[in-house]
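Here are a few friendly notes to read alongside the model. Please keep the structure open as you go through them.

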Amino acid sequence: MYELLVVSAFGFMGLLHTRKRTEDESDISRKVGDRIGKLWDIAHQGMRENRFLRAEKALLTILKIDEKNAAAYNRLGILYAKQKEYRDAIDCFEIASSIEATPSSLHNLGLIYYETENYEKAGIAFEQALRLEENLAARHVAYAKVNEKLGNEKLMFASLHRAVELEPNEETYSLLHRAFLERGMDEKAEKVAEKLKTLIVPSGKPRRILRPRRVVI
């Protein structure tokens, strides 16, 4: 009987210890979450007010706490891009994409590569973004521009046509029209011009290309 009481006592103590440990871990997680939340507030405010050093410190602190935080790397990349620190921006977008590949992070990476005239890598990044999100005309327009630089006119026109299909508005038709004109394809340019004259954008549909979240350069 005595042994049974001793075993029960140890079991009860073990249960209390486990419960206390779970509560402690939960409390630590909450405190860490609160701290990261405050750091994000500082980072966003710093970005809005162009206080880049303050924003950078907040983002780097987040990454010390959570080194796999893809959103922090992505935001840090945008911050570096705004300051034209392209090498650092590329590093951040590449890390963000390796942790969690999103259309936005890949699109941003493509934009930076395009800006630094690394068109091959820009094309790869835009292709990867398109595999994840194909229904935005802006992504096809970006891919068209990089293919124009690479001399891949077939891909460029295919991308512009797809942009028109997705978002038939004055901006997408004008881009296609200009591409035909610049290559002396007057007959096709004229057909696009005729469509532009009679184009009616349905109510509620955007009159310009919808822009994804992107790097401001």
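This is a predicted model: local features need pLDDT of at least 70, side-chain atom pairs count only at pLDDT 80 or more; totals for chains, interfaces and linings use all residues.

1. Where does Tyr119 fall, buried or exposed? Tyr119 has a relative accessible area of 17% and is therefore buried.

2. These two tyrosines belong together: Tyr114 and Tyr119 form an aromatic pair. Their ring centres are 5.3 Å apart with 65 degrees between the planes, and the arrangement is edge-to-face. A search of the whole structure turns up two aromatic pairs.

3. Phe157 and Phe180 also form a pair, and this one is stacked because the ring planes meet at 15 degrees, with the centres 4.8 Å apart; planes under 30 degrees apart count as stacked. The pair links distant parts of the chain, as Phe157 sits in helix H8 (residues 153-166) and Phe180 in helix H9, 23 residues apart. Both Phe157 and Phe180 are buried.

4. While you are looking at helix H9, have a look at Glu171 too, which lies in that helix (residues 170-182). Is Glu171 buried or exposed? Its relative accessibility is 14%, so Glu171 counts as buried.

5. Which residues does Glu171 touch, once its neighbours within four places in sequence are left aside? The contacts of Glu171 are with Arg207, Arg208, Ile209 and Arg211.

Technical notes:
Residues are numbered from 1 along each chain as its sequence is written. Side-chain values use heavy atoms; hydrogens and water are left out. Helices (H or I, at least four residues) and strands (E, at least two) are DSSP runs, numbered from the N terminus. Buried means under 20% relative accessible area, exposed over 50%, partly exposed in between (1.4 Å probe, protein chains only). Contact means heavy atoms within 4.5 Å. Rings of Phe, Tyr and Trp (its six-membered ring) pair if their centres lie within 6.5 Å; planes under 30 degrees apart count as stacked, over 60 as edge-to-face and the rest as tilted.
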